[in-house]
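Subject: Structure for you to look at

Hello,

Here is the structure I said I would pass on. Please open it alongside the notes that follow.

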Amino acid sequence: MNAIDGTDRQIKTEEVPPPSLLAIVLDTNPHAWAHLSSTLPLSSAVSALLVFINAHLASGNANAIAVIASHTHRAAFLYPTPSSQTSKSNANGDVETNGGEKGNAALENPNKYRPFAIVEQEILNNLNSLLTETHELHLTSTPTTLVGGALSLALSYIAKSTLLASPVDTLVSENPLSALADSETMHAQRVPLTSRILIVSVSGDLANQYIPVMNSIFAAQRKRIPIDILKLAGDTVLLQQASDATGGVYVKPERPEGLLQYLMMAFLPDVTARRSLVMPSAGGVDFRAACFCHRKVVDIGYVCSVCLSIFCSPNLPDNLCLTCSSYLSLRSAQTATPALIPRKKKKKKRHGADSATPGGSTPVGSSTPLHG
Amino acid sequence: MADSDYEYMEDASDDDYIGDKVSSSTRAHSGAAGGKKRAQEKPRKLQAWETSRSVQKITESIVQEVEDGTRHMSIREKEEERKRKRLRKDTKPFQRGIIRHVVLVLDLSEAMLEKDMRPNRYITMIKYTQEYVREFFEQNPISQMSVLGMHDGLCIRVSELSGNPADHIAAIQGLRFPRDPEDIPKEPKGSPSLQNALELARATLYHTPSHGTREVIIVFGSLLSLDPGDIHQTIKACVRDRIRVSVIGMSARLKICSEIVTKTNAGDESEYVVATDQELLRELLLATTTPPVVRTPQATAIPAESTAALMMMGFPSRVVEDIPTLCACHGILTTGGYTCSRCSAKVCSLPITCPSCQLTLLLSTHLARSYHHLFPLRNWAEVSWKRAREKGSRECIGCLTVFPEIPDEDGESGGNNGRELNGVDRMQADGDDSEEQKASESSRYECRVCESHFCIDCDMFCHMVLHNCPGCLSRLNPASEAQSSRDVEMTG
């Protein structure tokens, strides 16, 4: 997708579709899944997701996957397994011999393609340990999930993988500004890694992570990583904006129980394939901002010129900004457009000139053709 | 080999430029005792032609490095150090002028026909300024810009003050390839006049609201300024109008330029830089996309109350239409667009000032784009082996790359005391961000808030692109703490 015109001098890019890395951010917010449990329990959602992951891995030899859980108290990698966690989960495995045995059984199943089995087992194990270590305290402390953290993890993982996949390109990723440089200075890339992020989201309000999520969106935009959103429950403007800004797919299924269908139809094609497909998109995206004072969505807001906080009314206490406490005045914000002074009627002057040289109008009239 | 060394040296030199800039602007911000410090700190910088001779010296230092450590390690450290040099040296959250009004003045005098940049200075400048305009509006979406040109003694207006990057880029392109086939392309001609340029820029910026910055960025290739009057009067007028001038020179430093810059930047000369080659020109241009630090207003200046303002802005929703309708901004038929939240006029693109009711219309994402200037991510600290052992970190939090093994304790303590000292230094300097960013011996970099360890690549990515710390955000408590501490710093 990043092919550059006019630079295919020596290095011919391969004809095969580029490997694609899919980073899935799975929102494991227990509150929200509890709401959904009647239609789509977490277990069946995860099994649908595993089928989808297998489909993604199967559609390309070099395709890769990363799964990140955004939980209530932490965001963690489900796949690949962090090594610090392996020791922990092994310890857990020893205690709960049940889980460990099950996993081994799945691995040894001769009817299963081994890479699929490995991915499945790791994801299930990690998810299991994540859920078992969740305490009531964590649940009561916050009703939302750490999407910002999970997105940041996904992006830095993708950045590193891209770097490893095409080391030629290091210069560009090292210095993001140089990515904008003219094509002459850009090296012809080797097969680049196309990456995308899929957020399976169930939580509603994410306003508390506005800035981190926004930063992630801009980073994704810059790296040309589309963020796809599958919104099973709840509604957030923030994620709509994310998919809109990065050119991703936004789907809010009416029947969440058909999760697998939605995943396969809308989210399986990678960036290369999407160019020749008609992808679903959210028609009108709500771009209205939420004010910082009451979290009210506003059409017309009042913005502090120092820290860009948005307020819903111009009447702030003592005229001080609530975020940066600088003194604000509404009056001075008005741009002083230069007023046009109406042109003076020249009648009087001309009259004077006329009177100074009586009868001069005729000679002037006759002289014009001479000048012309 | 020699080639790459040379490149490395150049890298170092432009970083020095930028470094000077940042550190001295902080000094200007703190206000007190600026001048004395600078005098001590600034030894004369080596010019480009002098550096090539010191290649020998660099290779020597590399060789020495190799001798006292293992070969592999020192090369890796060199590489990481080079990468980290690009990081901002100062991440204290300053108040920055987010709403900028910039006049970009291009030199279109005959000095621009010099061929020291390929194919010549003029074409190079045109090419880079287009890129610059795009990046400028990426970074400063709610800012305004105007482009002027110094051509044959006069100052011509290339584009009007507006917030639409496409207009400016088209206008700059139009200098070389006019859209109207009857126009002749503007070739560099005659002498430039700094005074005319400043006067026109001053007039352009005269009506801009007081809460925004007024900046003039001059790309100046020639070695003279042919002025019709007393330029010092113009400089005084610029100071009175709070205009900050920065000059990017191309050939040599000029006294008049440094005087203009010093006077309009409250005694700070770091905004005057000279590009010795085209890469440096590009970097210097792009360095000005970061919003400038706001200085505390002096007593003589305009009262502080008018510098901050509450701006009324509209956040319109996008409309989708089947039948094309007329847009208010261009008067052409378009399908879809945005409707003004106050008067419901339809405009094609954002951000824009509503043509019918003068309300500033933008997306909340435009505002959010500037947040990372206001809340920069603090630089991460180098991790000594001792610290790494304490934390027992084995892999990068962000990308799960495995770190090099922590060596055994006894081998380490006998090894080098200097390293241990480094660790102590780090502890002392914990609160201070502005230290030089160096490579870490253990290839780990630690976020000071959440104490997670990252690899060099994630360090670069997070600070230059993402502006988030994945470690802080992946935990509930450190994240909220970090947020509140940032807020505190912001107010302080």
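**Annotated regions**

UniProt lists residues 101-289 of chain B as "domain: VWFA", in an unreviewed entry. UniProt positions are given in the numbering used here, feature names are shortened, and annotations may be inferred rather than shown by experiment. The end C-alpha atoms of that span lie 12 Å apart, and the span is 39% helix and 22% strand. Helices (H or I, at least four residues) and strands (E, at least two) are DSSP runs, numbered from the N terminus. Further along chain B, the unreviewed entry in UniProt also places "zinc finger region: C4-type" at residues 340-357. For residues 340-357 of chain B, the end C-alpha atoms are 9 Å apart, with 0% helix and 22% strand.

**How to read the numbers**

This is a predicted model, in which local features need pLDDT of at least 70 and side-chain atom pairs count only at pLDDT 80 or more, while totals for chains, interfaces and linings use all residues. Residues are numbered from 1 along each chain as its sequence is written, chains are lettered from A and ligands numbered from 1 in the order in which they are written, and side-chain values use heavy atoms, with hydrogens and water left out.

**The sheet in chain A**

Chain A has an open sheet of 6 strands in the order β3-β2-β1-β4-β5-β6, with mixed pairing. Two strands pair if DSSP finds at least two bridges between them. At the edges are β3 (75-79) and β6 (250-251) of chain A, each of which pairs on one side only. Strands β1 (residues 20-27) and β2 (residues 64-70) of chain A run parallel and are joined by 7 bridges. Ile24(A) has Val67(A) as its bridge partner in β2(A). Helix α2 (residues 42-58) of chain A packs on this sheet and touches β1, β2 and β4 (194-201) of chain A, where contact means heavy atoms within 4.5 Å. The direction of α2 makes about 175° with that of β1(A); axes are lines fitted to C-alpha atoms, for helices over the stretch in contact, and angles run from 0 to 180 degrees between N-to-C directions.

**Where the chains meet**

How many residues of chain A are in contact with chain B? There are 81, and they meet 70 residues of chain B. The area buried between the two chains is about 6600 Å², with carbon and sulfur atoms giving 62%; buried area is the accessible area (1.4 Å probe) that two parts lose on being put together, summed over both.

There are 2 salt bridges between chain A and chain B, a salt bridge being a side-chain nitrogen of Lys or Arg within 4 Å of a carboxyl oxygen of Asp or Glu. One of them joins Arg222(A) to Glu135(B), with the closest N and O atoms 3.2 Å apart. Over all chains, the structure holds 23 salt bridges. The pair of Arg222(A) and Glu135(B) crosses from helix α9 of chain A to helix α6 (residues 121-139) of chain B.

A sheet also spans both chains: 5 strands form an open sheet in the order β10(A)-β9(A)-β7(B)-β14(B)-β13(B), with mixed pairing. Its edge strands are β10 of chain A and β13 (352-353) of chain B. β13(B) and β14 (residues 360-361) of chain B pair in the antiparallel sense over 2 bridges, and Ile352(B) has Leu361(B) as its bridge partner in β14(B).

**Backbone points to check**

Most residues other than glycine have a negative phi, and most peptide bonds are trans. Tyr79(A) and Pro80(A) are joined by a cis peptide bond, with omega about -5°. Pro80(A) is in the loop between β3 and α3 of chain A. Leu400(B), although not a glycine, has a positive phi of about 60°. Leu400(B) lies in the loop between α14 (385-391) and α15 (409-415) of chain B.

Regards
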